[in-house]
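User: I'm new to this one and would like to go through it by asking questions. Can you show it to me before we start?

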Amino acid sequence: MSSEVKTKAAPRRKRLPLTYVVAVVPVAAALNIVGGQINTVLKLPTFLDMIGTMVAAVILGPWWGALVGVITNVVSSFISGPIGLPFAVCNVAGALVWGYANIWGWARKNWSFFLVNVLVAFVVSLFAVPIYVFIFGGATGHFADVMTAAFLGMGQNLIVSVFSSNILVSLADKIISGYVGLAIIEALPENLTSSARLPKSEGLKRIIIPLVGVLIGVAIILLFLAIA
Amino acid sequence: MQGVVIPISMVPGDSIIHRINPLPKLAWAFGVLVISFATRNPLILSTLFVVGVILILVAQVGNAYLKVAMILFPISLTLIVLQSIAPAFPKPWTPIVSVGPFTIFQEGIYSGISMLLRIFAMTTWAMLMIMTSHPSDIFTSLQKIGMPYVLNFILTMTLQLLPILQNEFAVVLNAQKSRAMKGSGFGAILPSMVPVFVGAIERVQQLSISLESRAFGSSGHKTSYRRVRMTFWDILLIVLGIVFTAGMTYWIIVDKSLDWSETMVFHPAFAIGLVVFATLGFLAFVVIALRNVLQA
């Protein structure tokens, strides 16, 4: 991965007109919802419901990204019921990490952008696990449930088992979301992306090997901890 | 993506529940949510669930409700399996029977059943509100009680954009397929998100200009295309909802005998039957999930 950066110096955040912001937020939220719906229909082993959040958090700022996250889950509840509503917290947490990482320049190089996505995955999992355990009894209705049962069978408690399975799914999801978001930001008009301090998008195929490497590495660590 | 329809869950109708203002329905749905989280008592939770289902039938939205309830089916199965072997209760747990490396616990069955009833009770009442109220009516009603106009606009706009984005996804995926590229899985979905989002943003620029030219954000009284009336009966329903929620919550907190976790004993045959049924469903779900993962 090259470390070419799009914007080297910290740019002054151009204040976008309220009407523009108010128009971008629903687009980002709608992209989240449609992404999540497609993911559900195709039964993919991810969530794909935070791509719009990532884009909004970077181009508009962390708190607008957080609003996108809340709106995504509120509007989703008008479509598939209120079970996803508590997970608005996860969307907000992801938006804040992506948004502030961009403001503080943590994601300027390719490797650091990758690590920011890993950080997002961990933070989101920290918020998601208590919701899964205390509201849904550890069940997600997702592929991760298989891994949860496997970790329980190895003698782990419910919270650790749910975290262990959720972090693997979350890592795959957030890294993919981050890089799809990066490709979207690069394709947007210049006036919108002046505040983005991100590396150049190099295509999704380039991240498959690091992504699989991270997933296998984390899975080995979790299995080792479970057996030990 | 073909055949993927994002339905807004409102089911048009003229039942007595449809005619109620969205605010009382929202108050009752919120009340059920509060009560459901306040208790684990299976009788209270199942009563709330059954009353919700009766109201769903009165509103004649049963078919649409069943579709949403089906979304909960895999979660229900895994919840029973996971809770029966790892209860969300403080230890020590009372074992009922051991199956291989797993032990089924008394507290797990109790916890699984109460969590399941809680989820179904909350979802049923929330869906009753959602399926019998137009989203714009809900937002207009909320605006009347102080929800910011900008937020109201964003929520309504998001709902309106959903079918547009969905349509654009279908167009992009069809274009990819017609060029012998992948039409399903990650390889098709992820690249199609870029043109769809960027296309939507270009449309947003026009929308922004329209909003600017209509003085969006200026102060003054805002009117709405949809008019939602509040009658005496609606106000009465809101008051009843608040009183019912407060009363029930107080009763649950004061009356410790409502906690049946130590007194309710499950017969081993019932526990085994329930867990075996849920496990078989869970395994079927695992097979489907694995097949989809491999195909993705």
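**A walk through the model**

Analyst: Let's begin with a loop. Leu48(A) sits in the loop that links α1 and α2 of chain A. Keep in mind that this is a predicted model.

User: Is Leu48(A) buried or exposed?
Analyst: The cut-off for a buried residue is 20 or more other C-beta atoms within 10 Å. Leu48(A) has 24 of them, so the residue counts as buried.

User: And what is the phi of Leu48(A)?
Analyst: Most residues other than glycine have a negative phi. Leu48(A) isn't a glycine, yet its phi is positive, near 55°.

User: Where is Gln60(B), another residue with a positive phi, found?
Analyst: Gln60(B) isn't a glycine either, and its phi is about 60°. Its place is the loop between α3 (42–58) and α4 of chain B.

User: Is Gln60(B) buried, exposed or partly exposed?
Analyst: Buried takes 20 or more other C-beta atoms within 10 Å, and exposed takes 12 or fewer. Gln60(B) has 16, so it is partly exposed.

User: What about α4 of chain B: what does it span from its first C-alpha to its last?
Analyst: This helix covers residues 62–85, which is 24 residues. At 1.5 Å a residue, 34 Å would be expected. The span in the model is close to that, at 34 Å.

User: Where in α4(B) does a kink lie?
Analyst: Look shortly before the proline Pro74(B). The kink there is about 35°, and it lies at Leu72(B).

User: Which way do β1 and β2 of chain B run, parallel or antiparallel?
Analyst: β1(B) takes in residues 95–99 and β2(B) residues 102–105. Four bridges join the two strands, and they run antiparallel.

User: Which residue in the turn between β1(B) and β2(B) has a positive phi?
Analyst: The two strands make a hairpin, with two residues between them. The one in the turn with a phi of about 60° is Gly100(B).

User: Which residue stands opposite Val97(B)?
Analyst: To get your bearings, Pro95(B) stands opposite Phe105(B) in β2(B). For Val97(B), the residue across in β2(B) is Ile104(B).

User: How far apart are the centres of the two domains of chain B?
Analyst: Domain 1 is made of 16–134 + 229–295, while domain 2 is 146–213. Taken over C-alpha atoms, their centres are separated by 35 Å.

User: How do the chains meet, and which helix supplies the largest share of chain A's side?
Analyst: In the contact between the chains, 57 residues of chain A meet 65 of chain B. Several helices of chain A each supply at least two residues to that side, including α2 (51–59) and α5 (110–136). The largest share is 18 residues, and it comes from α1(A).

User: How many residues on that side of chain A are nonpolar?
Analyst: Sorted by class, that side has two charged residues and 11 polar ones. The nonpolar count is 44.

User: Which residues of α8 of chain A are buried?
Analyst: First, the helix itself: α8 (residues 205–227) should span 33 Å, and its end C-alpha atoms are 34 Å apart, which agrees. Its buried residues are covered by elements that include α5 and α7 of chain A. The buried ones are Ile207(A), Val214(A) and Leu222(A).

User: Is Ile167(A) buried or exposed?
Analyst: Ile167(A) is in helix α7 of chain A. Beyond its sequence neighbours up to four places away, it touches Ala121(A), Phe122(A), Ser125(A) and Val218(A). There are 24 C-beta neighbours inside 10 Å, so Ile167(A) counts as buried.

User: Which residues does Ala93(A) contact, leaving aside neighbours within four places in sequence?
Analyst: Ala93(A) is in helix α4 (residues 88–103) of chain A, and it is partly exposed, with 19 other C-beta atoms within 10 Å. The contacts are Val123(A), Val124(A) and Phe127(A).

User: Last one: is Asn91(A) buried or exposed?
Analyst: Asn91(A) is in helix α4 of chain A. Its contacts, leaving aside neighbours within four places in sequence, include Met50(A), Thr53(A) and Gly69(A). With 28 C-beta neighbours inside 10 Å, Asn91(A) counts as buried.

Definitions and conventions: Residues numbered from 1 in each chain as written. Chains lettered and ligands numbered in written order. Predicted model: local features only at pLDDT ≥ 70, side-chain atom pairs only at ≥ 80, totals over all residues. Expected span 1.5 Å × (residues − 1). Bend = angle between axes of the 7 residues up to and from the residue. Contact = placed C-beta atoms within 7 Å. Nonpolar A, V, L, I, M, F, W, Y, C, P; charged D, E, K, R; others polar. Domains from an automatic or database assignment. Pairing = 2+ DSSP bridges.
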